[in-house]
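Hello,

Here is the structure I promised to pass on. Have a look at it first, and then read on for my notes.

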Amino acid sequence: MPRTTFQGSWAALVTPFHDGQIDLDALYRLLDLHLAAGTDGLVISGTTGESATLTGDEKIRLMETVAGRVTGKIGLMFGTGGNSTAAAVEMTRRAESLGADSVLVVTPYYNKPTPAGQIAHYQAVAAATKLPVLLYNVPGRTGTNMTAATVLELAKVPNIRGIKEASGNIEQAMDILRAAPAGFELVSGEDALNLPLMAVGARGTISVTANVAPRLMKEFVDAALRNTWDEARRRHFELLDLHRAMFYESNPIPCKTALALMGLIRDEFRLPLVPATGSTRDRLAVVLEKLGLLPS
């Protein structure tokens, strides 16, 4: 049965490469890491997974490979969004057969659709599947914000079940949370704001940091969901430098660099992304060492 909740600690999974191809051995290492840490779910082929540079066939193979390894053990969300509604609809139609429990659909980028266009886009995508649909608002990457009013209109669609909020605007998140219908969930899409967002009602996070520190992220989210706020606050501040480090350069450059320093993947990207600068690597190593995440 598909999951009907986005609650918990989800990782926006990176896509490891080796000589330009998806590195399956490294991918399996990452999957095993998340299973051992108790991560609640994985987002496959999202922004952190360098989806913009994956071909359609690669996205399908990646989702099939992950599902074949971990189905039934961890939630699986497939990133099916884009700036072409027809292409997003087609990929969303494929999602369930590929093993996804839900789909993540980013606000169309570059086109900068009006609120009416955003609503029409998401209605078309949601109509293409019975899976739960998670909206994704990240104006820093897409160039356009999805307002609370637009989100609340889309929340009337039965299988649009939540939003990944990465606008950085806590007031906007609160406007959504106080008026959303029962069963519509907001999750944090900006790690540095995980604590305040969960304090006002977010049900979890889709995290970049969770790639690097999945156990610590799971402990933070679980504490917040239990309303043990002293523990959640302590965990959040323990992770804050790492949250910030994940954006020393464009995501996922610092995240993949950190995983390479940890010996889990190769330090490889697809153009136009390039390896981190030496100073970024040095700064990352300091943060990772402080958290005990570097191999001994």
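In which strand is the place of A11? A11 sits in strand 1 (residues 8-12); helices (H or I, at least four residues) and strands (E, at least two) are DSSP runs, numbered from the N terminus. Before going further, please keep in mind that this is a predicted model, in which local features need pLDDT of at least 70 and side-chain atom pairs count only at pLDDT 80 or more, while totals for chains, interfaces and linings use all residues. Residues are numbered from 1 along each chain as its sequence is written, and side-chain values use heavy atoms, with hydrogens and water left out.

Back to A11: with a relative accessible area of 0%, A11 is buried (buried means under 20% relative accessible area, exposed over 50% and partly exposed in between, with a 1.4 Å probe and protein chains only). Leaving aside residues up to four places away in sequence, A11 touches H34, T39, G41, L42, V43, S207, A210 and N211, where contact means heavy atoms within 4.5 Å. A11 and T209 are 198 residues apart in sequence, yet their C-alpha atoms are 7.6 Å apart in space.

H34 also turns up in a helix packing. Helix 1 (residues 24-37) and helix 9 (residues 214-225) pack at an angle of about 35°, and their axes are 9 Å apart (axes are lines fitted to C-alpha atoms, for helices over the stretch in contact, and angles run from 0 to 180 degrees between N-to-C directions). L33, H34 and A37 of helix 1 make the contact with P214, R215 and K218 of helix 9. The crossing of these two helices is right-handed, that is, the near helix is turned clockwise from the far one by less than a right angle.

Now to the strands. Strand 7 (residues 133-137) is largely enclosed by the rest of the structure, because 5 of its 5 residues are buried. V133, L135 and N137 lie on one side and L134 and Y136 on the other, so both faces of strand 7 are covered. Strand 6 (102-106) runs parallel to strand 7, with 4 bridges between them, and L104 has L134 as its bridge partner. Two strands pair if DSSP finds at least two bridges between them.

The chain gets from strand 8 to strand 9 through helix 7 (residues 170-179), in a right-handed β-α-β crossover. In strand 9 (residues 185-188), E185 and V187 point one way and L186 and S188 the other, and all are buried.

Helix 3 (residues 85-95) has A88, V89, M91, T92 and A95 as its buried residues.

Finally, G263 is in the loop between helix 11 (253-261) and helix 12 (278-290). G263 counts as exposed, because its relative accessibility is 53%.

Best wishes

Conventions: Right-handed = clockwise from strand over helix to strand, strands pointing away.
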